[in-house]
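Please look over the sequence and the predicted model shown below. The report that follows takes up side-chain packing and then the chain as a whole.

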Amino acid sequence: MKRFPVIILFFVIAFVVKAQQDARFTLKPALGLTACQVHGDKYDGYNKLGVTGGLYLNTLLKKRHSLEFGLIYIQKGARKNQNPTKFDYSYYILRLNYLEIPLMYRWQNNKFFYTFGLSYGYLISYYEASSDLGNYTGLFPFLKSEYSFNIGLGMMIKPQLGVE
């Protein structure tokens, strides 16, 4: 199963080469920050900031409708920091590093756009530690695969630059 990311990368490169030959396809880089909540970690809130980045292949279906296929790196997780002012010296950190393949439908209305779709994520690596146990990465292994439903709202700042 360690070859899975390499196989996916091969297919994405094949799509990119095809995209260069067909004017209906555009290649879109993506870079951003993520905040997520891990269910079952006993901590509320979106306290773990992560990074995301990759490439999307966009194909125009109609004037305002398009499909996007992507290959992105995304960092998810959870975090609870120490708070010495309240004499709380406990901490918890969970970093989950995924290679994710989203397939999104996009509808654009002048300046705003809306996206929704599904994605498959493959866990590349992770790190887990707490004040109680120290580093216990691997003690409670995570599943290697995940499936997600994605919804997005974005705005075009310039014709070639948007925020989602």
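## Surroundings of Tyr-126

In this predicted model, Tyr-126 touches Arg-95 and Leu-96 and also Thr-137, Gly-138, Phe-140, Pro-141 and Phe-142, when residues up to four places away in sequence are not counted. Tyr-126 and Leu-96 are also both members of the largest nonpolar core.

## Nonpolar cores

The largest nonpolar core has 10 residues, which are Val-38, Ile-74, Ala-78, Tyr-92, Leu-94, Leu-96, Tyr-98, Leu-123, Tyr-126 and Tyr-136. At least two residues of this core come from each of β3 (65–80), β4 (92–109) and β5 (112–130), and β4 gives the most, with four residues.

## Chain as a whole

Among contacts in the protein chain with a separation of 6 or more, 55% are accounted for by residues 24 or more positions apart.

Of the 164 residues of the protein chain, 35% count as buried. The accessible surface of the protein chain is about 11,200 Å², and carbon and sulfur atoms account for 64% of this surface.

Methods:
Residues numbered from 1 in each chain as written. Predicted model: local features only at pLDDT ≥ 70, side-chain atom pairs only at ≥ 80, totals over all residues. Heavy atoms only, no water. Core = buried A, V, L, I, M, F, W, Y, C linked by side-chain atoms within 4.5 Å. Buried < 20%, exposed > 50% of the residue type's maximum accessible area, 1.4 Å probe, protein only. Contact = heavy atoms within 4.5 Å. Areas by Shrake-Rupley, 256 points an atom, 1.4 Å probe, with all protein chains shown as cover.
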